[in-house]
There are 2 protein chains.
Amino acid sequence: MTSSPNMQARLVDVAKVAGVSMKTVSNVVNGSVPVREATRKRVLAAIEQLGYRPNVAARNLAKGRSGVIAFAVPQLDRPYFASLAARMLDEAETYGWTVQIHQTGGQREAELALLTERQPVRLDGVVMSPLQLTPEDVHRRDPALPLVLLGENVDQSHRADHVGIDNREAGRAATEHLLSDGRQRVMALAPGPNLKVERLHGYRDALAAAGLGVDEDMVLATEGVRGEDAELTLGRWLDSGRPAPDAVFAATDWLAMGAIRALVLRGRKVPQQVAVVGFDDIPYDLAILPTLTTVAPDRVAIARLALQALRDQEPGGEPVRLRAPFSLVVRESTAGIRRGR
Amino acid sequence: MTSSPNMQARLVDVAKVAGVSMKTVSNVVNGSVPVREATRKRVLAAIEQLGYRPNVAARNLAKGRSGVIAFAVPQLDRPYFASLAARMLDEAETYGWTVQIHQTGGQREAELALLTERQPVRLDGVVMSPLQLTPEDVHRRDPALPLVLLGENVDQSHRADHVGIDNREAGRAATEHLLSDGRQRVMALAPGPNLKVERLHGYRDALAAAGLGVDEDMVLATEGVRGEDAELTLGRWLDSGRPAPDAVFAATDWLAMGAIRALVLRGRKVPQQVAVVGFDDIPYDLAILPTLTTVAPDRVAIARLALQALRDQEPGGEPVRLRAPFSLVVRESTAGIRRGR
DNA sequence: AACCTCAAATACAGCGCTGTAAAATGCAGC
DNA sequence: GCTGCATTTTACAGCGCTGTATTTGAGGTT
């Protein structure tokens with residue numbers, strides 16, 4: 001039982017080979033305590049030679065951690081969350097965390113339960129993209145449970161770390177893009193009732209900066225978040241005979257898809273007559289014709305920042321708010337823009 | 001340090017309260033060894049009273065397991081896989097497994113690496129939905145690593161457990177549905193080069209059973225798996241002036257979506273003039289107009305069967321092949337069918 | 001050369017659980 | 001009431017790692 005050739009090498013085996021104590025090897029592996037360079041090299045060589053890998057279960061047991069963090073999203077089968085989850089998994093590997101993905105269904109109770117109720121596995125932290133979670137809920141949680149919130153359904157009153165893109169700035173960038181080749185009548189579509197306020201702020205900022213007033217008649221609230229809702233709302237507007245927009249700023253890709261459908265089905269050409277931008281860069285681009293210009297949050301950065309914040313969090317600390325970058329991905333639905341039309 | 005009130009209760013604490021040995025509590029919790037009913041009750045009461053939860057890290061350490069299984073899919077942000085992953089997570093909780101989701105990108109090397117290369121965390125098993133994995137690859141794996149394969153890119157020569165729906169039967173069901181209100185010219189669309197053979201077999205079965213011959217001219221291979229591919233392929237066919245189909249059997253939902261677009265853009269009404277069925281029930285239904293009738297694999301069953309198979313697998317054993325049920329979800333794209341047209 | 005300081009390395013207990021082997025208990029049958 | 005045997009329960013040594021307290025030793029000062 002003591003280190004047969006094809007058995008997984010242990011710390012003690014490495015120590016023996018390197019001629020040092022177990023703890024020194026541990027120190028090298030963890031990098032927390034300084035180790036003299038010569039010793040360090042010897043240890044690393046031994047690790048290499050034996051193909052040593054730390055045993056996570058033992059480490060966690062000794063540290064009193066589980067090594068498991070939860071990543072909670074409303075639904076995993078919504079592509080925005082699925083793609084974010086994918087990045088989260090990648091990044092978590094860096095920390096040796098395994099990620100337990102949870103689906104809250106957007107239910108406040110489910111979101112709260114994850115923070116307050118005892119879980120089958122003790123959690124070392126939670127990253128959540130909440131829909132309904134209130135500031136009080138955040139307050140009620142076990143203060144020893146590190147928490148990072150994601151997305152835009154979070155405000156200053158939530159006392160927890162937060163990671164997200166600058167939605168206002170992004171909304172402005174998208175709208176500016178539409179304006180950049182002379183589009184004049186830019187409509188905005190956002191889901192009621194919360195209207196993705198920050199994104200609309202950005203839209204207004206851009207119009208103001210271009211010296212155009214905001215025609216509140218052109219800011220449309222859809223009934224829900226689905227493509228059909230946007231199709232219906234925009235469709236009614238178009239059918240009402242009012243002067244048509246020459247561009248549409250949609251607060252989400254779903255709405256943008258619905259908008260495109262409403263336009264195309266009424267014979268309006270996208271992007272020639274009406275340009276459309278969306279928001280989120282959900283991985284559907286191939287399914288849509290024309291493909292969609294959209295604001296793409298840097299998901300890798302979001303995941304990385306969230307996990308860093310989670311790791312660095314300490315019980316009493318002041319909440320941290322982090323901004324992840326975004327980019328504007330230009331595709332067919334605004335083609336021609338910036339290329340001389 | 002010995003059981004302060006608000007510390008997580010341990011096995012030894014439960015044992016003390018119940019007046020039995022640690023091991024007896026362990027036996028009750030694990031249910032492997034028989035325990036007298038009276039003792040059992042006492043132990044359960046103590047567990048309840050103290051709110052005891054087993055420490056997974058310690059258990060795994062003692063058992064020499066990691067408690068982690070891998071679930072590998074080509075891409076998590078494809079909705080079919082995302083929704084399957086969601087189910088897998090749910091089911092894995094039953095076994096106390098945490099799931100490490102891997103993305104292979106459909107690369108053979110990545111698929112193989114998961115089976116052969118040493119992972120950061122030792123894996124207790126792998127469930128994989130392979131795209132490229134060969135029977136030889138399966139053979140090459142560490143025989144101690146339990147493996148369950150999912151989906152249709154697996155055949156008899158892969159010596160590993162397999163879970164999937166009966167694609168042939170499902171293809172038949174979908175096609176029968178189209179035929180059931182008198183559609184006569186049913187086209188088939190499948191992605192080349194593998195053509196989702198089983199599904200097409202089912203299509204042929206259904207035509208044969210209805211006394212209709214298969215017009216091989218109506219079996220179309222698309223260039224790829226994307227909606228656009230189907231749109232292009234079907235579009236060309238339609239534009240060629242050949243007599244139009246009155247129904248389309250698409251081997252995947254993506255192709256079905258492309259087919260609908262090709263039809264609608266040419267002024268053909270779906271479902272009035274052409275009915276369309278898809279395959280997979282990807283959660284996009286709301287994005288498509290009309291919503292899509294499709295073959296819905298029972299994802300819960302797939303997940304459950306896969307994990308059962310994984311748990312019950314033993315190194316030398318004969319591979320098991322399990323069939324999960326499916327259902328035909330009738331939506332707008334075949335509306336009218338079975339309702340008197 | 002003796003002394004001090006501080007960085008580097010060590011020894012070892014213990015994290016909470018399970019497997020093993022040994023002990024206790026219950027229950028027939030006589 | 002005792003023996004023999006099957007059933008139930010126990011004691012305890014690890015699983016592989018890290019935290020703490022302690023020892024070692026390198027390098028600088030007098």
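Me: Which residues touch the most other members of the largest nonpolar core?
Reply: This is a predicted model, and its largest nonpolar core holds 124 residues. A:Leu150, A:Phe249, B:Leu150 and B:Phe249 touch the most other members of that core. A second, separate core has 20 residues, including B:Ala250, B:Leu255, B:Val270 and B:Val276.

Me: What is A:Leu150 in contact with, leaving aside its neighbours within four places in sequence?
Reply: With those neighbours left aside, the contacts of A:Leu150 include A:Phe71, A:Leu84, A:Met88, A:Val127 and A:Met128. Also among them are A:Ser129, A:Pro130, A:His162, A:Val163, A:Ile302 and A:Ala306.

Me: How should I read the relation between chain A and chain B?
Reply: Two copies of a chain are related by a rotation about an axis and a shift along it. Here chain B is superposed on chain A by a rotation of 180° with 0.1 Å of shift along the axis, and the RMSD is 0.2 Å. The two copies are thus related as by a two-fold rotation axis.

Me: Which residue of chain B comes closest to the rotation axis?
Reply: That residue is B:Ala57, whose C-alpha is 2.4 Å from the axis.

Me: Through which surface do the copies meet?
Reply: They meet through the same surface, because 100% of the interface residues of chain B are also interface residues in chain A.

Me: Is A:Ser83 buried or exposed?
Reply: A:Ser83 has 4% relative accessibility, so it counts as buried. A:Ser83 belongs to helix H5 of chain A, residues 79-95. Its side chain makes a polar contact of 2.8 Å with the side chain of A:Arg299. Leaving aside neighbours within four places in sequence, A:Ser83 is in contact with A:Arg299 and with B:Asp77 of the other chain.

Me: How do I read a sheet, and what is the strand order in chain A?
Reply: Strands of a sheet pair through backbone hydrogen bonds, either parallel or antiparallel. In chain A, an open sheet of 6 strands has the order S7-S6-S8-S9-S10-S12, with mixed pairing. Strand S7 (219-222) and strand S12 (326-329) of chain A are the edge strands, each pairing on one side only. On average, neighbouring strands of this sheet are turned by 20° against each other, direction ignored.

Me: How many bridges join strand S9 to strand S10 of chain A?
Reply: There are 3 bridges between strand S9 (residues 275-279) and strand S10 (residues 293-297) of chain A, and these strands run parallel. A:Phe279 stands opposite A:Val295 in S10(A).

Me: Which strands does helix H8 of chain A touch?
Reply: Helix H8 (residues 167-179) of chain A packs on the sheet and touches strand S6 (186-191), strand S8 (247-250), S9, S10 and S12 of chain A. The direction of H8 makes about 165° with that of S9(A). Helix H9 (residues 197-209) of chain A also packs on the sheet, touching S6, S7, S8 and S9 of chain A. For H9, the angle with the direction of S6(A) is about 170°.

Me: What is found at the start of helix H4 of chain A?
Reply: At the start of H4 (residues 56-63), a side-chain oxygen of A:Asn55 reaches to within 2.8 Å of the backbone nitrogen of A:Ala57. Just after H4(A), A:Gly64 takes a positive phi of about 70°.

Me: Where does A:Gln313 lie, and what does its side chain reach?
Reply: A:Gln313 lies in the loop between helix H12 (299-312) and strand S11 (321-324) of chain A. Its side chain reaches the backbone nitrogen of A:Leu147 at 2.8 Å. The side chain of A:Gln313 also makes a polar contact with the side chain of A:Asp161, at 3.0 Å.

How values were computed: Residues are numbered from 1 along each chain as its sequence is written. Chains are lettered from A and ligands numbered from 1 in the order in which they are written. This is a predicted model: local features need pLDDT of at least 70, side-chain atom pairs count only at pLDDT 80 or more; totals for chains, interfaces and linings use all residues. Side-chain values use heavy atoms; hydrogens and water are left out. Copies are superposed by least squares on the C-alpha atoms of residues with pLDDT of at least 70 in both. Contact means heavy atoms within 4.5 Å. A nonpolar core is a set of buried Ala, Val, Leu, Ile, Met, Phe, Trp, Tyr and Cys residues joined through side-chain atoms within 4.5 Å. Buried means under 20% relative accessible area, exposed over 50%, partly exposed in between (1.4 Å probe, protein chains only). Helices (H or I, at least four residues) and strands (E, at least two) are DSSP runs, numbered from the N terminus. A polar contact is a pair of N or O atoms within 3.5 Å; within protein, one must be able to donate a hydrogen and the other to accept it, and residues adjacent in sequence count only if both atoms are side-chain atoms. Two strands pair if DSSP finds at least two bridges between them. Axes are lines fitted to C-alpha atoms, for helices over the stretch in contact, and angles run from 0 to 180 degrees between N-to-C directions.
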